[in-house]
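This report is written for a reader who is meeting the structure for the first time. It goes from one residue to its surroundings and then to the whole chain.

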Amino acid sequence: MGLTSLIVFGSVTSALSNWGSIELQDAVRDALDDPALDGIDLTVPQVVEWLRRAAYAVVVLTIAGVVFAVFAARGHRSSRVSLTVMCGLAFVGFIGVGGLAGMLPAVLAVVCAMQLWSPESRAWFDAKNGVARAVVAPVPVTPVAGPGAAPADPPQPKSVRIAGLVALIASWLVLMFSAYYALIYVTARDSYVDSLSKGSTKKMLDEYGIAPADFVTWMFIFFVVCGVLALLACTAAALMLRGVPHARTATIVLAAVSVPVSFMFVGVGWPWTAAAVFVLVQLRRKQPHGV
């Protein structure tokens, strides 16, 4: 949660540094020109001011999230409660504002909240705060195996299961985005190029000297690469959850590769960067049993 707060903080402060730019005003103006908003009496300055206030509120919340995460990592019980509330707010915000793209960070927020209150976390917070816990010795149960029966597989560590689920969800979303863009490129490339040849997007591309047609082609190549990596990551994560040897190593490698690839998409790709880092941290933890 602290890493996600830092990522959102960087994205919002970066946007605030260029607040009031022509590109932002053009984007707001294009949004207000939508026929669905014809009955709403709004001006560009009003919307820009409301967005600015919302951005400042997000900055305050992200700073609070980082502070609570630091103190929770030191065993502060009240910070754990506050961080759980922040996870709930993040879930609502990502789903309400981000839509489909906000599903991944929303899932990460839920996973973080669950991790904060897992039995292992409860025991750790109690130990850090000197709270005694009743220890009940487990009753050993020896399974009855027939002649020549193979020994039972050890249970899969919880951190591996969580990492596998997060990797599956993140990779599936990338795969869907890649397939969607490929479908647009194949069926409506000319229309897409025309839509990029006007408005604020055209001005942004002109600043970098990129033609809309070239941009669409480069993005197609990029999403094809991302789609292949996502398919491999989905396969590796699924095999890891099934306990296939070396699947965990493949998942770690693919997560490490996705960190710089997703980071290239400033702001939009950073939730996937956070997900990849989360998977790496979970899979690099010392496990009681090999996977």
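## A first residue

Where does V110 lie? V110 lies in helix 5, where helices (H or I, at least four residues) and strands (E, at least two) are DSSP runs numbered from the N terminus. This is a predicted model, in which local features need pLDDT of at least 70 and side-chain atom pairs count only at pLDDT 80 or more, while totals for chains, interfaces and linings use all residues. Residues are numbered from 1 along each chain as its sequence is written, and side-chain values use heavy atoms, with hydrogens and water left out.

V110 is partly exposed, with a relative accessible area of 34%; buried means under 20% relative accessible area, exposed over 50%, and partly exposed in between, with a 1.4 Å probe and protein chains only. The C-alpha atoms of V110 and F91 are separated by 7.0 Å, although the two residues are 19 residues apart along the chain. M114 is also found in helix 5, and M114 is exposed, its relative accessible area being 55%.

## The nonpolar patch

F91, V92, I95, M103, V110, M114, W172 and M176 make a nonpolar surface patch of about 710 Å². Patches are made of residues with over 30% relative accessible area and no salt bridge, like charges being joined within 9 Å and nonpolar side chains (Val, Leu, Ile, Met, Phe, Trp, Tyr) within 5 Å; a salt bridge is a side-chain nitrogen of Lys or Arg within 4 Å of a carboxyl oxygen of Asp or Glu. Helix 4 (77-98), helix 5 (103-116) and helix 7 (158-196) each supply at least two residues of this patch.

## A covered helix

Helix 11, residues 270-283, has 14 residues and reaches 20 Å from its first C-alpha to its last, close to the 20 Å expected at 1.5 Å a residue, the expected span being 1.5 Å times one less than the number of residues. Helix 11 is mostly covered, since twelve of its 14 residues are buried, among them W270, W272, F278 and L283.

## The whole chain

The protein chain has eleven helices and zero strands, and of its 291 residues, 32% count as buried. Its accessible surface comes to about 17,400 Å², of which 69% belongs to carbon and sulfur atoms; accessible areas come from the Shrake-Rupley method with a 1.4 Å probe, and for residues only the protein chains shown count as cover.
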